[in-house]
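Dear colleague,

I am passing a structure on to you, and I would be glad if you opened it before reading any further. Below it I have set out what was found, one region at a time.

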Amino acid sequence: MATTAADATAAAPKDQPANGSEQVTRHSEVGHKSLLQSDALYQYILETSVYPREHECMKELREITANHPWNLMTTSADEGQFLNMLLKLIGAKKTMEIGVYTGYSLLATALAIPDDGTVSSLTSPLPDPPLPIHQETETGMKQILAMDINRENYELGLPCIEKAGVAHKIDFREGPALPVLDALLEDEANHGTFDFVFVDADKDNYLNYHERLMKLVKLGGLLGYDNTLWNGSVVLPADAPMRKYIRYYRDFVLDLNKALAADQRVEICQLPVGDGITLCRRAK
């Protein structure tokens, strides 16, 4: 779940002007998760470098999402731009996304990867009872395996994805991600085949995802974990005032950050983009 700084003002230190008085205005941009001390500086970045280069379908999806009651979960526009650039830089062809919401980051991914990607063996909706995991169906080749527990949110953004001409790249699965990951792992042909995985979902499962994803991402591939600065709460005292959901997931985020820092299988880089994103390059 993504969050905004504006939705957790109690969880992060407020700006302090030179005269020591408390700043009373906060950035109102939907999806705003920047930890920059200056809202004006963040707006400058958006208006100068992000919005002028934003794909028209991403802009449309961002505006649709702004009217959704859960819009605080959206990926910010600057992070979407970052992910799109990153995927092009590493030449990603096969990716995974855990936590989709309305699909802003998913659209950024689909626009970045080429049409000649490969696919895992898990290429069709799971029937009941499920088919053998290696069996392909008429669904066809997909390059992005996308998972979320709420299809309705995904379908809100789907018209924008279709309008952008990239819906054919996406294999969307509704439901918990762990069973899908376990099914993928049963077929060794899927091991070490993903170029990039973006995780923006239930923080209490991040470490469970990590152990599975380390087997699925290729050597030299990237894992991206979103919200690793968690509204700035990671540096606050445990008894500091916080919104309930911030407090609930804070310890899980702290545990993840410690685990990633100690994991010698990966090289890491934690960036203050959005609400914090940690990139892990699989080295072993």
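Predicted model: local features only at pLDDT ≥ 70, side-chain atom pairs only at ≥ 80, totals over all residues.

**What was found**

Ile45 has its place in helix α1, which covers residues 39-50. With a relative accessible area of 33%, Ile45 is partly exposed, and together with Leu36, Leu41 and Tyr44 it makes a nonpolar surface patch of about 360 Å².

**The chain as a whole**

The secondary structure of the protein chain comes to 8 helices and 7 strands. Of its 284 residues, 51% are buried, and the chain exposes about 13,200 Å², of which carbon and sulfur atoms supply 54%. When contacts with a separation of 6 or more are considered, residues 24 or more positions apart account for 71% of them.

Helix α8, residues 244-262, has 19 residues and reaches 28 Å from its first C-alpha to its last, which is close to the 27 Å expected at 1.5 Å a residue. Where does α8 bend? The bend, of about 35°, is at Arg250, and Arg250 is also one of the buried residues of this helix, which include Ile246, Tyr249, Val253, Leu256 and Leu260 as well. An α-helix has 3.6 residues a turn, so residues three or four places apart point the same way. You can look for that pattern as you read along the buried residues of α8, among them Tyr249, Val253 and Leu256. Their cover includes the helix α7 (206-216) and the strands β5 (217-226), β6 (266-271) and β7 (277-282).

Helix α5 has 13 residues, and its reach of 18 Å from first C-alpha to last is close to the 18 Å expected at 1.5 Å a residue. In α5 a kink of about 40° lies at Gly157, shortly before the proline Pro159. Gly157 is buried, as are Asn153, Tyr154, Leu158, Cys160 and Ile161 in this helix, and what covers these buried residues includes α2 (56-66), α4 and β3.

**Salt bridges**

The count of salt bridges comes to 12, and three of them are described here.

In one of them, Arg62 pairs with Glu54, and the closest N and O atoms are 2.6 Å apart. Are these two partners buried or exposed? Arg62 has a relative accessible area of 17% and is buried, while Glu54, at 14% relative accessibility, counts as buried too, because the cut-off for that word is under 20%.

In another, the side chains of Lys169 and Asp115 meet, with 3.7 Å from N to O. Lys169 lies in the loop between α5 (151-163) and β3 (170-174), and Asp115 lies in the loop between α4 (104-112) and β2 (144-148), so the pair ties together parts that are 54 residues apart in sequence. Lys169 is buried, with a relative accessible area of 5%, whereas Asp115 is exposed, with a relative accessible area of 57%.

The side chains of Arg265 and Asp263 also meet in a salt bridge, at 2.8 Å from N to O. Salt bridges that share partners join these two residues and Glu211 into one network. Arg265 is partly exposed at a relative accessible area of 28%, whereas Asp263, at 9%, counts as buried.

Asn84 is found in helix α3, residues 77-90, and it is buried, with a relative accessible area of 14%. Which residues does Asn84 touch, if those up to four places away in sequence are not counted? They are Ala108, Leu111 and Ala112. Asn84 and Leu106 are 22 residues apart in sequence, and their C-alpha atoms are 9.6 Å apart in space.

**Two residues with positive phi**

The loop between β5 and α8 holds Asn227 and also Trp230. Asn227 has a positive phi of about 65° although it is not a glycine, and the phi of Trp230, likewise a residue other than glycine, is positive and near 45°. Asn227 counts as buried at 0% relative accessibility, and Trp230 counts as buried at 0% as well.

With kind regards

Terms used
Residues numbered from 1 in each chain as written. Heavy atoms only, no water. Helix = DSSP H or I, 4+ residues; strand = E, 2+ residues; numbered from the N terminus. Expected span 1.5 Å × (residues − 1). Bend = angle between axes of the 7 residues up to and from the residue. Buried < 20%, exposed > 50% of the residue type's maximum accessible area, 1.4 Å probe, protein only. Contact = heavy atoms within 4.5 Å. Patch = residues over 30% accessible without salt bridge, like charges linked within 9 Å, V, L, I, M, F, W, Y side chains within 5 Å. Areas by Shrake-Rupley, 256 points an atom, 1.4 Å probe, with all protein chains shown as cover. Salt bridge = Lys/Arg side-chain N within 4 Å of Asp/Glu carboxyl O.
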